[in-house]
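Hello,

Here is the structure we talked about. Please open it and keep it beside this note while you read.

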Amino acid sequence: MPLCAVTLTAGGRRGNTITDYVRCSYLGLDNHPTIVAGAIAAVQEYGSVHWSCARTRLNFGLIGDLESTLSELFRARVIAYSTVMVANMGALPIIASGHLTKGQKPVMVFDRFAHASLAFHKPVVAQETQVETIPHNDLNALEQICRKHPVVAYVCDGVYSMGGFAPINELLLLQQKYGLFLYMDDAHGISLFGDTGEGFARSRLPRELGERTIIAASLGKGFGASGGMLMLGTPHQERLFRCYSIPHAFSASPNVAAVGAALASAAIHQTNELRLRQEQLADRIAFFDKRVETGQRGAPLPIRMINVGDEFAAIDFTEHLLEAGFYTSVTFFPTVTRGGAGARICLTASHELSDLEQLCAKIASFEHRTET
């Protein structure tokens with residue numbers, strides 16, 4: 001069976017095999033035999049999947065190996081977590097407390113399109129400091145806040161789950177001018193960019209992250225394993241997070257299978273295979289863009305949004321694609337703007353060009369049908 005083929009096990013289409021355009025395994029690593037073998041070997045070595053104890057009390061020695069490996073790979077001080085959302089939960093209150101900004105609590109500014117795993121924590125952050133939300137990528141609004149307040153932290157995605165990316169060069173200029181603290185969740189950019197797969201955000205930042213930038217990222221998605229991580233810039237930050245990040249102090253680390261899989265993926269990231277898979281993904285993005293016009297056309301990102309408009313028409317559209325054997329995500333407000341409902345398509349290095357061509361043809365036939 002092709003790597004992106006899925007057999008449905010429930011519902012009216014039970015038994016049907018469809019092609020998945022929903023998963024975010026952009027480099028096709030999540031079923032890589034080396035990564036699967038890494039997970040199995042780790043479980044066999046330890047004879048267990050999980051320690052039911054906080055990681056600061058007792059932990060797998062393998063987690064230290066993973067964090068050291070990732071720190072070297074991504075030129076940062078890396079702490080691994082069970083998910084990206086857990087990493088965000090541990091990081092945002094510490095930033096809001098002012099302990100990373102010389103005791104001054106920053107105004108926490110969230111991009112309106114910041115992922116739900118970031119926005120979810122606004123009420124907790126608001127107990128510490130002032131919280132603002134600005135329009136998507138609105139640098140003028142962000143600079144106005146920087147001018148009014150001595151310390152500001154900006155919370156955004158590196159690559160947005162609905163397409164698009166943060167204007168990192170411009171954000172760095174604001175950082176230089178005002179001391180802006182940057183917290184970027186690059187879950188959808190990790191592994192796709194950079195010589196060692198350091199991601200969209202990290203590959204565009206200085207070699208040293210420094211004391212005013214933190215990156216959260218996934219060990220799933222492009223990385224192909226499981227879990228999340230924080231890339232920190234200073235020893236002070238690492239000490240604070242290891243002592244006071246609630247998920248780190250009171251929860252378990254990623255399970256041993258996830259750690260073994262992540263170590264195997266890290267090994268792949270140090271070989272030429274990473275570059276080949278990045279190029280394969282780029283080819284599929286270009287292939288799709290030649291055949292389907294979207295607002296993301298030409299961007300080197302694997303997420304494409306097919307705008308339909310009306311919510312019910314969007315459901316009809318994705319139903320049309322599913323009937324043809326292509327599974328995509330339907331998107332509604334508030335995930336997208338009102339009147340901007342449609343389909344979200346995740347392109348991966350594993351998609352066969354012949355299958356992708358059929359998908360593009362189905363999209364075109366539906367668009368032609370609605371126009372006439």
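This is a predicted model: local features need pLDDT of at least 70, side-chain atom pairs count only at pLDDT 80 or more; totals for chains, interfaces and linings use all residues.

Backbone first. Most residues other than glycine have a negative phi. Arg75 has a positive phi, near 55°. Arg75 sits in the loop between helix H2 (61-74) and strand E3 (77-81). With a relative accessible area of 24%, Arg75 is partly exposed. Lys102 is not a glycine either, and its phi is positive at about 55°. Look for Lys102 in the loop between helix H3 (84-97) and strand E4 (107-111). Lys102 is exposed, with a relative accessible area of 65%.

Next, the rings. The search of the whole structure gave 4 aromatic pairs. One of them joins Tyr46 and Phe60, edge-to-face, at 5.1 Å centre to centre and 75° between the planes. Tyr46 belongs to helix H1 (residues 33-46) and Phe60 to the loop between H1 and H2, so this pair ties together parts that are 14 residues apart in sequence. Tyr46 is partly exposed, at 29% relative accessible area. Phe60 is buried, at 5%. Phe193 and Phe200 have ring centres 5.4 Å apart and planes at 75°, so they too make an edge-to-face pair. Both Phe193 and Phe200 are buried. Ring pairs also link Phe165, Phe193 and Phe200 into a cluster.

Last, the charges. Arg204 lies over the face of Phe193, 5.3 Å from the ring centre. Arg55 lies over the face of Tyr81, at 5.9 Å from the ring centre.

Best wishes

Key
Residues are numbered from 1 along each chain as its sequence is written. Side-chain values use heavy atoms; hydrogens and water are left out. Helices (H or I, at least four residues) and strands (E, at least two) are DSSP runs, numbered from the N terminus. Buried means under 20% relative accessible area, exposed over 50%, partly exposed in between (1.4 Å probe, protein chains only). Rings of Phe, Tyr and Trp (its six-membered ring) pair if their centres lie within 6.5 Å; planes under 30 degrees apart count as stacked, over 60 as edge-to-face and the rest as tilted. A charge sits over a ring if NZ of Lys or CZ of Arg is within 6 Å of the ring centre and within 35 degrees of the ring normal.
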